[in-house]
Amino acid sequence: MELFSYLIGDHVLNAIDLTTKQVNYSPNFGPDYEASQRKMFDQTQAAPYFDRRVVENANFGTTIWDGGPVPEFLDGMIAREPNLPLFVPFGDCPQLMFAGRQTVGLVHATRDTIDKYILDIFADKFFKNEDPAETIVGFSPYIFSHNFSHEYLNLQREDEWRKAEVVYDQNGKMHIDLRKMAVDDLLRIGVDLGNILDHRVNNYDLSEGSVRFGGVAVSHRHAHNTGAQEGRSGMMIMLLEQ
């Protein structure tokens, strides 16, 4: 298993699975998800805290977990307690990891959630005790705009989306740049551009390589276009005890 980590600081542990042969981390795509999550944790300092993990179960809404009972569905999580891992299965849409001095978090930055201002909602909670300008944000792999076509359906931020689109095909379908919209929102809520980290991995290409070696397609659009077995990759972040 090839795990990638952003250099965020000694107080934060993070990991993203970039293995060429991808395994599935989501219960929506097979019973192997928990074994895959455990194997990932076993390769990090988070292994002893596996059973404490909070796992994102997205429904493209704006619910942010910030302690207490974990709701059935959530598209963002915040942890201020050390040794409390946050884990998310990810597909085409970017997952953003946030790291402050004493707080970490994950956000599901999809077309729908960005359109609903999820980063503003998340920021109201996360930045209570953190400085936006000192917070580091890292991107998961995500689908690049040339692989992401969409027809607009009653988007409340349509003017902003149109500035983040490129029309490629002859059918007039619009190819949306999720990263640009997410970065624009991050800058607006006060995150410094130099603190936005992006390994620039196209999830469609990651799926192409994975399927070639017998793994799953972690991109929904790749699976839909090719008929490959679909799954989800995984990303985690945890605040370490100092």
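A salt bridge is a side-chain nitrogen of Lys or Arg within 4 Å of a carboxyl oxygen of Asp or Glu. In this predicted model, Asp 75 is buried but has no salt bridge. The nearest side chain of opposite charge belongs to Lys 116, 7.6 Å away.

Asp 75 sits in the loop between β4 (64-65) and β5 (76-79). What does its side chain reach? Two backbone nitrogens are listed below.

| Side chain | Backbone nitrogen | Distance |
|---|---|---|
| Asp 75 | Phe 60 | 3.2 Å |
| Asp 75 | Gly 61 | 3.0 Å |

Neighbours within four places in sequence aside, Asp 75 also contacts Glu 56, Ala 58 and Asn 59, among others. Further along the chain, its contacts include Leu 106, Val 107, His 108, Thr 113 and Ile 118.

Is Val 216 buried or exposed? Its relative accessible area is 8%, so Val 216 counts as buried, the cut-off being under 20%. Beyond four places in sequence, its contacts include Gln 22, Val 23 and Asn 24, as well as Gln 229, Glu 230 and Gly 231. Arg 162 is 54 residues from Val 216 in sequence and 32 Å away, C-alpha to C-alpha.

The largest nonpolar core has 60 residues. Which of them touch the most other members? They are Leu 86, Phe 98, Phe 139 and Leu 186. Another core lies apart from it, with eleven residues, including Ala 15, Met 40, Phe 87 and Met 238.

Technical notes
Residues are numbered from 1 along each chain as its sequence is written. This is a predicted model: local features need pLDDT of at least 70, side-chain atom pairs count only at pLDDT 80 or more; totals for chains, interfaces and linings use all residues. Side-chain values use heavy atoms; hydrogens and water are left out. Helices (H or I, at least four residues) and strands (E, at least two) are DSSP runs, numbered from the N terminus. Buried means under 20% relative accessible area, exposed over 50%, partly exposed in between (1.4 Å probe, protein chains only). Lys and Arg count as positive and Asp and Glu as negative; His and the chain ends are not counted. A polar contact is a pair of N or O atoms within 3.5 Å; within protein, one must be able to donate a hydrogen and the other to accept it, and residues adjacent in sequence count only if both atoms are side-chain atoms. Contact means heavy atoms within 4.5 Å. A nonpolar core is a set of buried Ala, Val, Leu, Ile, Met, Phe, Trp, Tyr and Cys residues joined through side-chain atoms within 4.5 Å.
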